[in-house]
Amino acid sequence: MTTLRVMLDQVIAPVPGGIGRYAEELTRQLIATAPAGCDVEGIVSRSAPAEVSRLRTLLPGLADLEQLALPRRELSLAWQAGLAHGASHGMVHAPSVLAPLVKHDRSLEPGRQTVVTVHDTVPWTNPETLTPRGVHFHKAMVKRAFRHADAVVVPTHAVAAALNDVHRFDDRLRVIGGAPSGRLLVPVDADLRAERLGLPDRYVLAVGTLEPRKGLQHLIRALAHPDAPQDIPLVVAGPDGWGDVDVFTTAQEAGLAPERVKVLGRVDDADLAVAYDRATVFVFPSLVEGFGLPVVEAMSFGTPVIHSDDAAVSEVASDAAVSVRSAPLESYPERLAQAVFQVVNDRLLAEQLAVAGPDRARMFSWHDSAQETWQLHADL
């Protein structure tokens, strides 16, 4: 039996974020698409029994789940220092940069390989939007990947080009994107959920972890701008991140009335599906991304999408959404406001986006991503 060992720590992290969803969805499909004679095991840092149990429930079909001796923070420090020999055996796939990267020789150890996923180059291009510790960790782990990874997965060609400017990975790079979750389905009790969530009849939706680089402050200022439609509220879904992004304080400072802002916080997949499905327009103002999964998720529901002109997000959305130039940053909210006004008031444009979006979203599939991942390991 050939075993693919997948690092699953991000799935049960305090703030899983997009990488946590990526790791969960990819692993579920790696299990489902495992070739004959292959299975999938999980690797996780030392965690509470309840978290381990939740991981087994989320990913039925795991052949085994190895718990390492160190908790998450200590594990990341150890692996950053190269103290990872105990976890680096066999075929390892890391859905993030947290990986047991040590020197090895595949020609002398058949079946041993380590593949790492680099989701973006934000630590180099926009370090001010991350914590200093996060920047240091990602740069150190990508440097280790350059030395010791057999291959590096990136979600878009934009990230591949940017990462190659940092380190010349060249033919070790493989572009494998994400996709909407198969669990993002409108439930039968959608009306009840919408009422419980307090969703307005018409609203602008933003989804993502609340942190500086997601650009939510620019969207809030956009909706307070005179060029924006004045009768449509903002609904924000997503867990707290870092950087003290306070939606209500930002709204107050921008002059956006409190009744025009609703924060849902972290929501389950069924509630998120309802929020996507009923939104008048979805806006993704993030300044820098590696993929922009919420864009594809929103498009899959036929919700018109507006996004920044970040290279990776533009690559993913193609011509199925409205792109807004983010530079110069001081006038970005004005351009967002004008785009929202256009989509909300131009029925023909909204209808065109509602058709183009699902067509574009269907080009992304976790099943395909998993098969491409198995093929990558086979090629190695």
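Arg183 is partly exposed, with 36% relative accessible area; on this scale buried is under 20%, exposed is over 50% and partly exposed lies in between, using a 1.4 Å probe and protein chains only. Bear in mind that this is a predicted model, in which local features need pLDDT of at least 70, side-chain atom pairs count only at pLDDT 80 or more, and totals for chains, interfaces and linings use all residues. Residues are numbered from 1 along each chain as its sequence is written, and side-chain values use heavy atoms, with hydrogens and water left out.

**Salt bridges**

The partner of Arg183 is Glu24, and their side chains form a salt bridge, meaning a side-chain nitrogen of Lys or Arg within 4 Å of a carboxyl oxygen of Asp or Glu. Glu24 sits in helix α1 (residues 17-32) and Arg183 in the loop between β7 (173-175) and α7, so this pair ties together parts 159 residues apart in sequence. Helices (H or I, at least four residues) and strands (E, at least two) are DSSP runs, numbered from the N terminus. Glu24 is buried, at 9% relative accessibility. Both residues also belong to a network of salt bridges that links Arg21, Glu24, Glu25, Arg28, Arg183, Asp269 and Glu297. The whole structure holds 23 salt bridges, including these:

| Pair | N to O distance |
|---|---|
| Glu24 and Arg183 | 2.4 Å |
| Glu51 and Arg54 | 3.2 Å |
| Arg278 and Asp191 | 2.4 Å |

Glu51 and Arg54 are three residues apart in helix α2 (residues 49-58), so about one helical turn separates them.

The Arg278 and Asp191 bridge joins α10 to α7 across 87 residues of sequence. Arg278 is partly exposed at 32%, while Asp191 is exposed at 55%. Helix α7 (residues 190-197) packs on α10 (residues 269-278) at about 90°, with axes 10 Å apart; the axes are lines fitted to C-alpha atoms over the stretch in contact, and angles run from 0 to 180 degrees between N-to-C directions. The two helices are therefore roughly perpendicular, the label for 65 to 115 degrees. Residues making the contact (heavy atoms within 4.5 Å) include Ala194 and Leu197 of α7 and Val274 of α10.

**Cores**

The largest nonpolar core has 63 residues, and Leu205, Tyr276 and Phe282 have the most contacts inside it. Such a core is a set of buried Ala, Val, Leu, Ile, Met, Phe, Trp, Tyr and Cys residues joined through side-chain atoms within 4.5 Å. Apart from this core lies another of 29 residues, with Leu216, Ala228, Val261 and Ala339 among them.

Key:
Parallel < 35°, antiparallel > 145°, perpendicular 65-115°, else oblique.
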